[in-house]
Amino acid sequence: MKIYTCTGDKGTTSLVGGKRISKADPRLEAYGTIDELNSFIGLMASAISGNNNIEDAENIRWIQGKLFNIGGILATDTETTKLPESCRISSDDISQIETLIDNATEGVPAQRSFILPGGALAASYAHVARTVSRRAERNIVTLETEVELPQELLKFINRLSDYLFVLARRINYYSGVEEISW
């Protein structure tokens, strides 16, 4: 199979279900940003690997899988196509990411001020991923003015940015890199 189809050469693409839309559509901005976020998380995971097991690679893969689910939700024209069960985000997923946040916070000193993003390489990637997650959240809020989306989707992305923040702090702490207060 060839990677190129030439069907998007005029600035349109197909949603799951076949409906063609402009590549400038807010829906594409939303799921394109989710794809970008997933890529940065993969980059962060590469920088973490072999780094004193600061974060379990299984947790990162779970998050990346959930981001694929979210991309599937955002790419599906639910007016004509039923959303597959495999693309759902549940309240259990929200609870799971909250547990990851709590676990990543354990053992890290309390935050007493704003901190500048940066530090260890993996922490810096986590901060970049956090900001992309916040942009994805804004894009999803914009899209919700046009289409109905599951509330768990927005909650998950909101919690994910919190997780990436505390993970960056954890990485810096366990890497012996001092945070810079602002």
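Visitor: Why is Asn139 called buried?

Guide: Buried means under 20% relative accessible area, exposed over 50%, and partly exposed in between, using a 1.4 Å probe and protein chains only. Asn139 has a relative accessible area of 14%, so Asn139 counts as buried. By the way, this is a predicted model, where local features need pLDDT of at least 70, side-chain atom pairs count only at pLDDT 80 or more, and totals for chains, interfaces and linings use all residues. Residues are numbered from 1 along each chain as its sequence is written, and side-chain values use heavy atoms, leaving out hydrogens and water.

Visitor: What is Asn139 in contact with, leaving aside its neighbours within four places in sequence?

Guide: Contact means heavy atoms within 4.5 Å, and Asn139 touches Glu29, Ala30 and Thr33 that way. Thr33 is 106 residues apart from Asn139 along the chain, yet their C-alpha atoms are separated by 8.0 Å.

Visitor: And what makes Ile180 exposed?

Guide: Its relative accessibility is 52%, so Ile180 counts as exposed.

Visitor: How do you know how H1 and H2 run relative to each other?

Guide: Check the angle! Helix H1 (residues 26-48) and helix H2 (residues 57-74) pack at about 170°, with their axes 9 Å apart. Angles under 35 degrees count as roughly parallel, over 145 as roughly antiparallel, 65 to 115 as roughly perpendicular and the rest as oblique. H1 and H2 are therefore roughly antiparallel. Among the residues that meet there are Tyr31 and Ile34 from H1, and Leu67 and Phe68 from H2.

How values were computed:
Axes are lines fitted to C-alpha atoms, for helices over the stretch in contact, and angles run from 0 to 180 degrees between N-to-C directions. Helices (H or I, at least four residues) and strands (E, at least two) are DSSP runs, numbered from the N terminus.
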